[in-house]
Each structure stands twice: as structure tokens, then as C-alpha cells.
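Here is a short tour of a few side chains and where they sit. Keep the model open beside you as you read.

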Amino acid sequence: MSQDQLQFLHREIQTIIDAMAVKEYKKANNKLVIIREIVEELIDTTPDDALLVEFSKYQVILEHLHKNINQAE
């Protein structure tokens, strides 16, 4: 299931990036908030250190995207 979770996060983050590319910042921000909550929950509940590292990477990417959205708005 962990591979499925990582693939899901990858797809959702790509959706955020795609929305930003066409300047749909509100849509991108709404999706970002939802995915950020999911990542935080995954980080809080995972017992696997390797997965924790991977989820943390996504957390950093989301923070970077959040900053870019705020600058663009």
C-alpha cells in the first residue's frame, strides 16, 4: 500500500503544478491544503522510517508550492 500512497501523492502534486501552470491558483491552493493534511496524517501514522522520509519529501515540496502560489496571487 505504501507504493500506492506515494503514487497518489505524486499524481496529486502534479495536479497542483498543472493548475499553477495555467494560473488557476485558487484551485491549486485548495488542492494543496487537502494534500498537505493527508501528508501530515501519513507522517503521523506511519511506523516505517523509509516511508517517513518519503512523506517528508512531499511535505517539503508542498511547502515550496505553497510559497509559489502565495507569491503569484
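Asp44 belongs to helix 2, which covers residues 25-45; helices here are DSSP runs of H or I with at least four residues, numbered from the N terminus. This is a predicted model, where local features need pLDDT of at least 70, side-chain atom pairs count only at pLDDT 80 or more, and totals for chains, interfaces and linings use all residues. Residues are numbered from 1 along each chain as its sequence is written, and side-chain values use heavy atoms, leaving out hydrogens and water.

| Residue | Relative accessible area | Class |
|---|---|---|
| Asp44 | 66% | exposed |
| Glu12 | 14% | buried |
| Thr15 | 32% | partly exposed |

Now to helix 1, residues 2-21, where Glu12 is found. Which residues does Glu12 touch, not counting those up to four places away in sequence? They are Lys31 and Ile35, with contact meaning heavy atoms within 4.5 Å. From C-alpha to C-alpha, Glu12 and Lys31 are 7.9 Å apart in space and 19 residues apart in sequence.

Thr15 lies in helix 1 too. Between Thr15 and Asn70 there are 17 Å in space, C-alpha to C-alpha, and they are 55 residues apart in sequence.

Methods:
Helix = DSSP H or I, 4+ residues; strand = E, 2+ residues; numbered from the N terminus. Buried < 20%, exposed > 50% of the residue type's maximum accessible area, 1.4 Å probe, protein only.
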